[in-house]
Amino acid sequence: MRAVVCDLDGVLYPFAQDFAKWVEQPNPTFDNWSFYKDWGMSTPEFLDHYAEGYAAEAILHDGEPLIPAALIRRQIGLWQREGVEFHLVTHREIIGQYESHVARTTEQWLFAYDLPYNQLTLSGDKGDHCESLRRRGYDIVAVVEDNPDNLVDMMDGAHAPGFLIDQPWNQLWSAPGVTRVATFDHLRPIQTIIERTGMQ
Ligand SMILES: [Mg+2]
């Protein structure tokens, strides 16, 4: 079975925007991975705000997708019609929350926007997750991320090319085998890979 393995926050879900709104950050900037540090916030403070915002259903609950849901559905549909599964993998570790609760919240958001997927996995080690999929017989066509470190881990685990979603926090980065695309609906090269590998 073939699959595309894809991250959620910063690819489809507007986590950073949710967070900025929750802490009422005026003119938020997102120029590096730890964007909250630019706002004078420590990591423990960030995690506290994250947990509070999640509990208040202001974070991870009802953010508008980063691109219109119809475009996301169309992109995933193109892959699934070729028999390729769409797997979501997300860290979403929130202190004080049960994983099952966060998984349910995530499923509800995907359902609300009618976004199709074959598997949703909460994992802090996405490279390991890709490797275990591969060991279970999956042929991973491509991996998609907005976080460069995760992307490299996933490419290693999946033995697959990586696609980086362009974001302010990943501007100063590039790596061999990685294609940077503007948004999720610009993943046409994955379609080309699917068509090519489908003919083998
Ligand atoms: Mg992400």
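These legends describe close-up views of a predicted model.

**View 1. Six strands make an open, parallel sheet.** The strand order is β3-β2-β1-β4-β5-β6. The edges belong to β3 (119–122) and β6 (178–181). Each has a single partner strand, so one side of each lacks a neighbour in the sheet. Neighbouring strands are turned against each other by 25° on average, direction ignored.

**View 2. Strand β1 pairs with β2 in parallel.** β1 covers residues 2–6, and β2 covers residues 84–90. Five bridges join these two strands. Look for Ala3, which stands opposite Glu85 in β2. Helix α6 (residues 126–135) packs on the sheet. Its contacts are with β1, β2, β3 and β4 (139–145). The direction of α6 makes about 165° with that of β4.

**View 3. Strands β2 and β3 run parallel, joined by four bridges.** Leu88 has Leu120 in β3 as its bridge partner. Between the two strands, the chain passes through α5. This β-α-β crossover is right-handed. Helix α5 spans residues 99–112 and lies across β2 and β3. It runs at about 145° to β3.

**View 4. Helices α6 and α7 cross at roughly 20°.** Helix α7 is formed by residues 148–158. The two axes come within 7 Å. Angles under 35 degrees count as roughly parallel, and the crossing angle therefore makes α6 roughly parallel to α7. The crossing is right-handed. On the α6 side, the contact includes Lys126, Gly127, Asp128, Cys130, Glu131 and Arg134. These meet Asn150, Asp153, Met154, Asp156, Gly157 and Ala158 in α7. By class, the contact holds six charged, three polar and three nonpolar residues.

**View 5. Helices α1 and α3 pack at an angle of about 90°.** Helix α1 takes in residues 15–22, and helix α3 takes in residues 43–55. Their axes lie 10 Å apart. The angle falls in the range of 65 to 115 degrees, so α1 is roughly perpendicular to α3. Asp18, Phe19 and Trp22 come from α1. Their counterparts in α3 are His49, Tyr50 and Gly53. This contact has three nonpolar residues, two polar and one charged.

Notes:
Residues are numbered from 1 along each chain as its sequence is written. This is a predicted model: local features need pLDDT of at least 70, side-chain atom pairs count only at pLDDT 80 or more; totals for chains, interfaces and linings use all residues. Two strands pair if DSSP finds at least two bridges between them. Axes are lines fitted to C-alpha atoms, for helices over the stretch in contact, and angles run from 0 to 180 degrees between N-to-C directions. Two residues are in contact if their C-beta atoms, placed from the backbone, lie within 7 Å. A crossover is right-handed if, with the strands pointing away from the viewer, the path from the first strand over the helix to the second runs clockwise. Angles under 35 degrees count as roughly parallel, over 145 as roughly antiparallel, 65 to 115 as roughly perpendicular and the rest as oblique. A crossing is left-handed if the near helix is turned anticlockwise from the far one by less than a right angle, and right-handed if clockwise. Ala, Val, Leu, Ile, Met, Phe, Trp, Tyr, Cys and Pro count as nonpolar, Asp, Glu, Lys and Arg as charged, and the others, Gly among them, as polar.
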